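Please read the points below alongside the sequence and the model.

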Amino acid sequence: MLFNMGDEHMKLTTKLMSAVAGVALLSGAQAAMADGHGLTVGYFLEWPMPFQYAKVNGTYDEALGAPVTWVSFDTGTAMSAAMASGDVDISVSQGVPPFVVATSAGQDIQILDVAVSYSENDNCVVASGLEIDKDSAGELAGKKVAVPLGTAAHYGFLSQMNHFGVDITSMSVVDMAPAEGAAALAQGSVDMACGWGGALRTMKEAGNILLTGAEKEALGILVFDVTSAPAGFVAENGDMAAKFLKVTADANAMWADEANHAKMLPVIAKDAGMDEAATASTLAGFAFPSIADQLGGTWLGGGAQTFMKGVADVFVEAKSIDAALESYEATVNTGPLQAASEM
C-alpha cells in the first residue's frame, strides 16, 4: 500500500495522530506471516543501499524461508504511519527524527540497527538568486522554506538555523516532501528547500548549501537512518528480524569490498531507479557500520539514545512535538542484532 504524506498543507500534528491511531490494531502482515506468507518491508526509492542487491537476488526470501513484499515511501513519517496501521512490519533506512517524532507521540516502535550514516546526502539548499552563504545566513530571516516536517531534513534545518541565529518564527515554513520542495525551489516559489537523495541533487541545480557534511558533523548535527519495526512484531518474530538484519549486514560487508562494486552497482542502481553514476556518487557519501560497531557505544550502545533525546528536545523547543520522552533507551532493541552477530 502506498502512502501520500506529502500534502504541503498537512499539519505535523495530523501526521502524528494518523501515525499512532492504528497502534493497537493487529498487523495484517503479521497475520500473513503466521500463515507462512512472509513480511512487508518499507524502503526509499532514489536512496541506494547495499541491501538492495540482496533484495533483487531474493536473498531475504531465501534466508527467511518466506517471501518479502517491498513497499516504497517518500518520507519516514509515512513509514511510521504504515507501521502503526499494520501495513509494514519493518522499515529500512527510516530517519532518526521521524522515528523520534513517532515514539515521542506514543507509537511503540523500536530501532533494530543503524541502516546508514551520512551527512552529505541530507541538507538544505538556498536559491542561487539570493546569493546567501554561511557568512550571510542571517539574511534567511523572513524567507520561505520547504521542509518535510518530522524528518532528518527537518532536524537539520532547525539545527542549522539555530547555529546561524535565524529566528524560525520569522520564516514561512511549508511542509513539502523533498521532490515537491525541489520543484518549488526551481520554480522560485520558495527561497530554500531541504531534502535528501535525488531531490537534494535536483535542489543543488537551483541553489547552494550553507554547510558541508563535515561542517555539520563538527557542530554535532549527525545524520543517520535506522531499521525500525513495531515492538509487537519484534517480540513475536525476533528470529525473523535477526535473519533479516543478518542479510542486510552481509550485503553491507560485501559492498565494503570494492572488488564487488562492479557487480553490485548496476543491480542497486536499477532497483533504486537511478543511473549508475548518481548511485555511485550517493553511495560514496554513505557509511554502513558493521554489527560490532553498531553495538558499540557510539551507536546503539548509548550514543544513538543520547542523540535521539537531543533531537526530541530540539523539536519540543521548535514546537514541532508536544513533549519528549524522559529517555529513549527503551526505543532501541539490540536483541535481534545480537542474535544476527552470532549467525
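1. In helix α8, which spans residues 178–187, the residues Pro178, Gly181, Ala182, Ala184 and Leu185 are buried (under 20% relative accessible area with a 1.4 Å probe, protein chains only; exposed is over 50%, partly exposed in between). These residues cover an arc of only 165° around the axis, which puts them on the same side of α8; the arc is that of the directions from the helix axis to the C-beta atoms. Helices are DSSP runs of H or I with at least four residues, strands are E runs of at least two, and both are numbered from the N terminus.

2. The model is predicted: local features need pLDDT of at least 70, side-chain atom pairs count only at pLDDT 80 or more, and totals for chains, interfaces and linings use all residues. Residues are numbered from 1 along each chain as its sequence is written, and side-chain values use heavy atoms, leaving out hydrogens and water.

3. On the face of α8 turned away from its buried side are the exposed residues Ala179, Ala186 and Gln187. The cover over the buried residues includes β5 (122–127), β6 (144–147), β8 (192–196) and α9 (197–204), where contact means heavy atoms within 4.5 Å.

4. After α8 comes glycine 188, with a positive phi near 80°.

5. Domain 1 (39–117 + 223–342) and domain 2 (122–219) both contribute residues to the lining of the largest cavity, so this cavity lies between them. The domain bounds come from an automatic or database domain assignment.
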